[in-house]
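Subject: Structure handover and findings

Hello,

Here is the structure for your set-up work. Please look it over before reading on.

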Amino acid sequence: MRMNRGESDDRSIITALRERLAALDAAELRRRSHSHIERLAGRLRVVYARVHSGVSGLRLRGLRRGSKSSAGVRPSPGFLQTWRMRHGGKRSLVADILLMQLVFALFVSGLAGVGLWWTSSWVIEDNLHKWGEKWVSELDVIGGPLYVSEDEDRFWQIEDYVSNFTEIDFVRFYTNDGQVLFEDARNVAVAAGARLGVASFDRLAAMLPEDGSMLLDVPDTGGSHVRIGKPVWSESLSADDMLGYDPEGQTETQRQLIGFVELGLDFSSYQSRLNRSVVTVSLMSLLVLLILATSSWLVLRRALRPLAELQQPLAELAKGRTDFTVQSSAHHEISVISEALNTTVTALKERDEKLWQVANYDPLTGLLNRHRFLEILDGELSEVSRSGLAHALLFIDLDQFKYVNDTLGHAAGDRLLKQAAQRIKAALRKHDVVSRFGGDEFTILVRDVSKKQVKAICRELLKDLREHAFFEGGHCFSIPCSIGITMFGNADHSSAELLAQADMACHEAKARGRNRLEFYQTSGTEMGQIAADINWSEKIRSALAKDGFVLHYQPIAHIETGKVIHYEVLLRMQGEHGRLVPPDAFMPAANRFGLMSAIDEWVIRNALAALAKFRIDDPGVCLTLNISGNIFEDSDLPLHIRTHLEANKLPADAIILEITEQVAVRNMVNARRQMGALATLGCRFALDDFGSGYSSYNYLKRLPVDYVKIDGVFIEGLVDDEVDRQIVKSICDIAGAAGKQTIAEYVENSETYDLLGELGVQYAQGYYVGRPAAELMPDKLPAAISGARRKRRAG
Amino acid sequence: MAELPPSPAVKAPPPPPPPPIGIIVSRDIEAYAAVADALRLRLGEDRSRVFDLGGDASASARVHEAMASSGIRRYVAVGHLAATAEDLSSAIFCQVLNYEPDGLLEKAAGGVKLLPPFELQLERWQALSPALQSIGVVTGPGQDALLAEIRQAVVDAGLQFHARIARSDKEALNAFKRLVPTIDGFWMLPDHRILSPGVIREIMAYGTKHQKQIVVFNDKLLPLGALMSMTSEPDDVANQVIGLLARTTAGAEPEMAPLTRVRVKLNPNVASNFNAAPSASLSELAQRR
């Protein structure tokens, strides 16, 4: 059922919808009408689940539980699983955002930390090298006199100088032959482990520029100690250059290597201080990150709260409730969603109301429909035992309605129904319930009434309807009716039984001359019939639910070639002990209890599935499906058939839909529309039982049928009855002129078969061609017509 | 007896011209060339001859041979290299600071001091910077007479004197840095044994940084931050050399003849930093004996 079609004013669509809804129970109706709501709700529920999981998924107890492990924050094996299970296996939006932020922040912090540590280490080392070079140059100056004097004061100067710098491990002055001239060591062990050799002196002297120094590593100290070596030069100008010395010019000097100075530096304290600082900063950064993460979580949670608050109205909407309004939000994005939700709720409310109307009211008369009336009746039955009141159920059938409908047309019939409904309603009390039960039938629940009172009501009703003047087409009609009444004051009978009783009483009224009322008189036969009907309706429902039906296939032969490519699908019900029940037994109950459409649907679904399997072996085989008039009232019939054809990968011309002439006439508007749509799809149609009933050739022109099935009453005596032969021949000729092909039913012998071929009938169906069977039986084929008969026909 | 008329007077033969004076220049630098030119001017070109060693000690023998072949018996050694010949007995040396450690006075006929009188220098200095109170010098070993002379002049001027002996350029730098806290001014003496280009720059930079007035011996050192340079005048040197030549020729004992004039050149930027006030009289003082 499509929601948008419910808005159409097309009476036929609404009528179809009404009948369709009458066949559905309340739960099914609600489910279909809110399916689209559930899709929307489902999407937003996902969002809410993420928000909700983000709100509750960052519980610290999971982190605290993990933090107890010796390896730091490490969730227990079940934590992630538990967290995922709690949130339906879905990720949390808040957690995702936070995780992304945290990862980014950790990455940046880590990068910054590493960069800081590396840069600081480099700066410290570089600075220390520069300081060392400066110190060694100073010491070179201070210690220079050591090489040319024995001034002990120099030692103190050097020691005083060195004592100012805690970074200096040792200073050592060498003579140019490698002898230690003077040594001052704070770190004796390091000083002892690092002595320059003569080879080093040669290298230093050769490599270094005039005032250059060289960085040397100290082994086994992890790089925290370095040495700087520097040659000590003595330089002087010549005596004759002094008076003419120009600082800007090139002047030769006399240089003499007099020794070496070695300086040992220790920057491990800086390193350890740096490491401590880095660790401290890292811990502080982590703490800040933790605070920021917590703040972010709170802020996000707060920010997304408006989204989370949408969960409640969405849940209400998913349950089908529309009696609420979503509060607007201060946030634009949420406000847009809220407004959309409110719009949706409003639209759904309106649609619900329309659906309610369509589902519970008859669009033509405005009265309750059959479905709603039955609900009310059931409700009344559940209360009647408690209330102890007596009620009456009336079943009204308009007399002569068919005559007006057939004579003056459907529009006139509809107007008649409307006027009758108005008169009926006007005659009742406010608390009585009246419905259009179907066609020209009305049911009334008269509450709290005695037999005498209901009799008076019915008499008044009969009088009103009888005296009502219905003008149409220049004629004036009255609206007599027959009324069947059954009284009830307890829940001994079901609504179906009461209706059956009232219906029987109505039949009795008609049988006794119409335009009268009759009370239901209980009899064994009637009770048995009612019980049987109810029993069959239950069996039909069970068969529909549990695939308790069986399809048989009767071949239809092409008379000229003898080939069988068509099979008519015949329905059976699985009975007790493997017995198959023919449709005659259960169809009346199906019709009475509105189960025909469901049966049609079952047949279409299963027949097409079977056809798909048959076509594996025989790609050209086709099936003919009998359909009731009820299914024409389903506006989605073409869609259903197309869906099943596509699902089974069948072409549309693989099925032939067979309807009776009566069904077509009774539902002419719907039938033409539906048949047109199905014909456009590619389906073919056969008009069954042609010749009996109306037998109007006009319908052959108006209905898009491909085949005309000649009623068996003309075939059974074909061989012996000339009139039957002429009738059959005329049907064939006219059908042929209209471009239709003919199929003869009830062919039971070869003479009839052959004769049909001579008369021009194209197809034959009957026991002679083949009996209905659960499988296709192409082996048993009727003999093709003899060559003599073929020649005679051609001649 | 008749008196014979007196015989006409017989003129004495003119005395032979004095032998030329050799002038040996250690190398071709302005300070030496200017003195050589001044000497030649006074002696006359025909009475002097200049020989240039070009800074090459091995040229000394050749020069002496040339002088001997030229009949030059006495010469003037200008600069240290010229004064390190084996036989200085007939030489007068000038433009040499370290004559004392090298014992030149004992070897030569005499010498002229390199530096202008310290009294004159101090007079100029104090005129420029009246607030001057202490002076320091650093020199190499063996300069006792020089130091005594400087000390006397400084003390006579009412100033404090601080001296340090260094044996190398770095030691000189260190000694200077240790002097800096105790002095207002530093007298840089041209002792090549303890001065190197780097040390000269270091001393100038350090002294400037610590607001010390530095007096130098060479105009070219002024841009490094010296307050002023005090140098000798070539004419003065030449005059003293010629006077000493005459005296020693007459048999006087060898001596170190002092100079009588000083040439002062000021660094006005440095002077302004010290609020030193160069006055018009400074130039007069610069010329006056």
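My notes on chain A, the interface and chain B follow.

**Ground rules**

This is a predicted model, where local features need pLDDT of at least 70, side-chain atom pairs count only at pLDDT 80 or more, and totals for chains, interfaces and linings use all residues. Residues are numbered from 1 along each chain as its sequence is written, chains are lettered from A and ligands numbered from 1 in the order in which they are written, and side-chain values use heavy atoms, with hydrogens and water left out.

**Chain A overall**

Chain A has 27 helices and 21 strands. Both kinds of element are DSSP runs, numbered from the N terminus: helices are H or I with at least four residues, strands are E with at least two. Of the 795 residues in chain A, 47% are buried. Buried means under 20% relative accessible area, exposed means over 50%, and partly exposed is in between (1.4 Å probe, protein chains only). Now take contacts in chain A between residues at least 6 apart in sequence: 67% of them join residues at least 24 apart. Contact here means heavy atoms within 4.5 Å.

**Salt bridges**

The whole structure holds 35 salt bridges over all chains. The rule is a side-chain nitrogen of Lys or Arg within 4 Å of a carboxyl oxygen of Asp or Glu.

- A:Arg436 and A:Asp362 form one, at 3.2 Å, N to O. A:Arg436 sits in strand 7 (residues 433–438) of chain A and A:Asp362 in the loop between helix 12 (332–360) and helix 13 (370–387), so the pair ties together parts that are 74 residues apart in sequence. A:Arg436 counts as buried because its relative accessibility is 8%. A:Asp362 also counts as buried, at 1%.
- A:Lys510 and A:Asp397 form another, at 2.9 Å, N to O. This pair links distant parts of the chain, 113 residues apart: A:Lys510 is in helix 17 (residues 495–511) of chain A and A:Asp397 in strand 6 (residues 391–398) of chain A. A:Lys510 is buried, with a relative accessible area of 18%. A:Asp397 is buried too, at 12%.
- A:Arg512 and A:Glu508 meet at 2.8 Å, N to O. A:Arg512 is partly exposed, with a relative accessible area of 49%. A:Glu508 is partly exposed at 30%.
- A network of salt bridges links A:Arg172, A:Glu183, A:Arg227 and A:Glu262.

**A:Glu472**

A:Glu472 lies in strand 9 (residues 470–472) of chain A. Is A:Glu472 buried or exposed? It counts as buried, because its relative accessibility is 15%. Its side chain makes a polar contact with the side chain of A:Arg415 at 2.5 Å. A polar contact is a pair of N or O atoms within 3.5 Å; within protein, one must be able to donate a hydrogen and the other to accept it, and residues adjacent in sequence count only if both atoms are side-chain atoms. Leaving aside neighbours within four places in sequence, A:Glu472 is in contact with A:Leu408, A:Ala412, A:Arg415 and A:Phe477.

**Interface of chain B and chain A**

Chain B puts 32 residues into the contact and chain A 27 residues. Together they bury about 2,600 Å², 56% of it on carbon and sulfur atoms. Buried area is the accessible area (1.4 Å probe) that two parts lose on being put together, summed over both.

There are 2 salt bridges between the chains. In one, the side chains of B:Arg27 and A:Asp241 meet at 2.9 Å, N to O. On the chain B side, helix 1 (30–43), helix 7 (169–179) and helix 8 (197–209) each supply at least two residues. Helix 7 of chain B gives the most, with 7 residues.

**Sheet pairing in chain B**

Chain B has an open sheet of 6 strands, with the order 2-1-3-4-5-11 and parallel pairing. Strand 2 (48–52) and strand 11 (256–257) of chain B stand at the edges with a single partner strand each, so one side of each is left without a neighbour in the sheet. Two strands pair if DSSP finds at least two bridges between them. Strand 4 (residues 91–94) and strand 5 (residues 110–112) of chain B run parallel, joined by 2 bridges.

Best wishes
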